[in-house]
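Let's take a walk through this structure, chain by chain and contact by contact. Have a look at it first, and then we'll go through it together.

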Number of protein chains: 4
Amino acid sequence: MAGPKKIEERKAQILAAAETVFARKGFSEATISDVARQAGVSDATIYEYFASKEELLFTIPGETTRMGTELLEFNLRYIRGAGNKMRGLIYHYLAFYQEHPDYAAVSMLILKQNRKFLETEAYRHVREGYGLFLRVIEEGVQSGEFRADLDKYLVRAAILGAIEHQVTRRALMDKPANLVDLVDPLTDLLLGGLKRPVNPAAMNFKITVEPISSSDD
Amino acid sequence: MAGPKKIEERKAQILAAAETVFARKGFSEATISDVARQAGVSDATIYEYFASKEELLFTIPGETTRMGTELLEFNLRYIRGAGNKMRGLIYHYLAFYQEHPDYAAVSMLILKQNRKFLETEAYRHVREGYGLFLRVIEEGVQSGEFRADLDKYLVRAAILGAIEHQVTRRALMDKPANLVDLVDPLTDLLLGGLKRPVNPAAMNFKITVEPISSSDD
Amino acid sequence: MAGPKKIEERKAQILAAAETVFARKGFSEATISDVARQAGVSDATIYEYFASKEELLFTIPGETTRMGTELLEFNLRYIRGAGNKMRGLIYHYLAFYQEHPDYAAVSMLILKQNRKFLETEAYRHVREGYGLFLRVIEEGVQSGEFRADLDKYLVRAAILGAIEHQVTRRALMDKPANLVDLVDPLTDLLLGGLKRPVNPAAMNFKITVEPISSSDD
Amino acid sequence: MAGPKKIEERKAQILAAAETVFARKGFSEATISDVARQAGVSDATIYEYFASKEELLFTIPGETTRMGTELLEFNLRYIRGAGNKMRGLIYHYLAFYQEHPDYAAVSMLILKQNRKFLETEAYRHVREGYGLFLRVIEEGVQSGEFRADLDKYLVRAAILGAIEHQVTRRALMDKPANLVDLVDPLTDLLLGGLKRPVNPAAMNFKITVEPISSSDD
DNA sequence: CATGAATGAGATTTCATTCAT
DNA sequence: TATGAATGAAATCTCATTCAT
């Protein structure tokens, strides 16, 4: 049915179909036939472009991720202040997953728990993106905006965990409907903490008034 | 080979085997034969106790979770202060997953991304445990210890996300070796936030001295 | 359909079916379904007993060959004279292939040209049988019955080649109908050679008649 | 890549590639893509010249065989004596296979066991070559050089069998390294037989001396 | 209660072959 | 003439599940 086409186009078409199908049915439950049907090609055609079902899965990130990271780096340049940059990062990821729900599902529900994927070239790109969190944290610590007593890897993990938890939840239960709405409260929580900050109006100061000797000291 | 045994004992034996095998190979990759071998029973015997491979998977939480939650509720009673209770919760989960790495793997890598599991009785117990986070948050807000401007569900999600991120990482890459070490820094971060608190020593106060009229008031 | 059965019985049943099917269609052209149908079991059952189609093929010799060799060794003991023993060997093989035409086809048309089979345990047994040719040749040379100027391996190869050629021909074209009829002419040819022996009746002798001195010695 | 070419040249190029590939991997295991790659053309091009993979296989003998037979007939003319001619034949085949090991492999390991090939035009040429054996045997019988009591077809089969056995062995195990070395011992064996010829020096003759009547007879 | 044995139902993957360009 | 691209048609092999004993 499907006539000749440029190779990259065809690959993209199959990858898009795979993303959709895997997102909907999961990797093991989805069949190559499902993907082929969705892509409008034959089963065999898929194997002309991808050596195996697993390779097909692992190729889904690829471009998307690499380009996302580039864009992100670009955008961060115009934001001043570590706190603002952190908000920018959180926004980037939540907005991205909001706009690519199938990719979100594949990423959160399939790839993230795949041991083999972790050794993949594609995963390296993912990690590169995560490196930006570290740089922003460092910057904040340096400038005195952020606390210096926290391990930066732990901080990053906590932030990513919070983001991923929401994205996963959305992939599984369609809630929350809008991830971007979470950017501010999440940033707020992570930057400001759960504890109520001490209200200066409620502070008690001990003010000591000392007579100043008018003569020499 | 395996002689008659009390029904619950045999079930537990099979579940333990399933936990181990699923943790190691993943659900789809593991076979009933693998589980049977690990349990020291025949394939057919497994079907005497569980209707399907999926039911076997979904039964793994069961007791564990229910008992964990009970213990948790009990322990919390002896902790005063919402912040301390939160630390207690975080400790509970990290310690639990640290001690049950196979369960951690099954939970993080398999169950958590399974849509069908979310409709399960077993999952209700998991959620009940998570309810405690809400109660502690509420308590903290009530007592004024916690900020009142944050959605409690979001807060809980962030905390769980941070915890799960670490547990997942450990399940996949054996790092960090000791989850319990993370209790304090993680609690610190989540309660105190990433931003450096304003240092009172560096605060500027405008002190106004007014003469007090000694006559009328 | 097929009920439980003793394991060796079932294996033999499948092997017999495989022999028939492979003989008829060749290895690549025959399918596991063909064999299963012939054996009256399901495709999957075959894989309960044999790990792969190739293993099924390589297991076809096995017993047959081992027992054949034993019988052969036994029989040879009662034959005197290397020439007679050689005739016995040739008879053994031709009769055996005559009686097991399917095995003959599998052996000549499939196994004999399979490089992997040569590294098989089963092939070792085949070779053991061939070792008897060497022993008989040696015996003949020792006793002076056979020529000593020929390499025994070459002789064996020639004899086996002649036998196999006939067996192959029969497997392919059903000719000759009776291999056993070839025993005598083949033995004759191989032992006596193609060249016409010098006919004593046609020999020329120079007869010298010398007068015998009647006196001394 | 491959530009236009004379049709026969292109065919020969593909056939040579097929010979190499089939020799190395076997017919079923080799793919058209393998052959195409080896030939430096595309898969589709092969189908411009050959209707199917099988036809490609069956066309491999073709020229080679026909020319071989012609050469053989020519050479035999200059040899005198059936025994010498037989040696010449054996030499011809062994030398030919020695020089064309890929063709030897295809011929011995693939074509020889293919029922369909036997009905092929190409096979007729092969058989024609074999016809020379018959003629030489007949000549030898006629001239009294060879025994008359052996079926000529059987004799031919034995000789071919011996040759093919060696060629097959070489194709499979690279032994013997030099087939031509076998010409003399093999001819010797086939012509002279395995049995030790009676040594005239050891013969016993009964010599009868009769008085000759000097008168009439 | 336990299991040996059997199988139905697929899934992935391969490849010879076709055809429009 | 040459081929890139596509695919129909299978084939091997796997495995969850059943059931008679």
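Start with two chains that stay apart: chain A and chain C do not touch, and their nearest C-alpha atoms are 21 Å apart. Contact here means heavy atoms within 4.5 Å. No contact joins chain B and chain C either, and their closest C-alpha atoms lie 13 Å apart.

Before going on, a word on how to read all this. This is a predicted model, where local features need pLDDT of at least 70, side-chain atom pairs count only at pLDDT 80 or more, and totals for chains, interfaces and linings use all residues. Residues are numbered from 1 along each chain as its sequence is written, chains are lettered from A and ligands numbered from 1 in the order in which they are written, and side-chain values use heavy atoms, with hydrogens and water left out.

So where do chains meet? Take chain A and chain B: 46 residues from chain A and 47 residues from chain B make the contact. Between them they bury about 4200 Å², with 66% of that on carbon and sulfur atoms. (Buried area is the accessible area, found with a 1.4 Å probe, that two parts lose on being put together, summed over both.) On the chain A side, the residues that lose the most area to chain B are A:Arg115, A:Arg147 and A:Leu194, together 18% of what that side buries.

A salt bridge is a side-chain nitrogen of Lys or Arg within 4 Å of a carboxyl oxygen of Asp or Glu, and the count between chain A and chain B is two.

Now for the symmetry. Chain A can be laid on chain B by a turn of 180° and a shift of 0.1 Å along the axis, with an RMSD of 0.3 Å. The superposition is by least squares on the C-alpha atoms of residues with pLDDT of at least 70 in both copies. Both copies use the same surface, as 100% of the contact residues of chain A recur in chain B. Which residue of chain A comes closest to the rotation axis? That is A:Gly193, at 1.6 Å (C-alpha).

Next, turn to chain D and chain C. Their contact takes 47 residues from chain D and 46 residues from chain C, and the two bury about 4200 Å² between them, 66% of it on carbon and sulfur atoms. In chain D, the residues losing the most area to chain C are D:Arg115, D:Arg147 and D:Leu194, together 18% of what that side buries. Two salt bridges are found across this interface. In a salt bridge between D:Asp188 and C:Arg147, the closest N and O atoms are 3.5 Å apart.

Chain D can be laid on chain C with an RMSD of 0.7 Å, by a turn of 180° and a shift of 0.1 Å along the axis. The two copies are thus related as by a two-fold rotation axis. The same surface serves both, with 98% of the contact residues of chain D recurring in chain C.

Finally, look at D:Lys25 and D:Arg115. These two are 90 residues apart in sequence and 20 Å apart in space, C-alpha to C-alpha.
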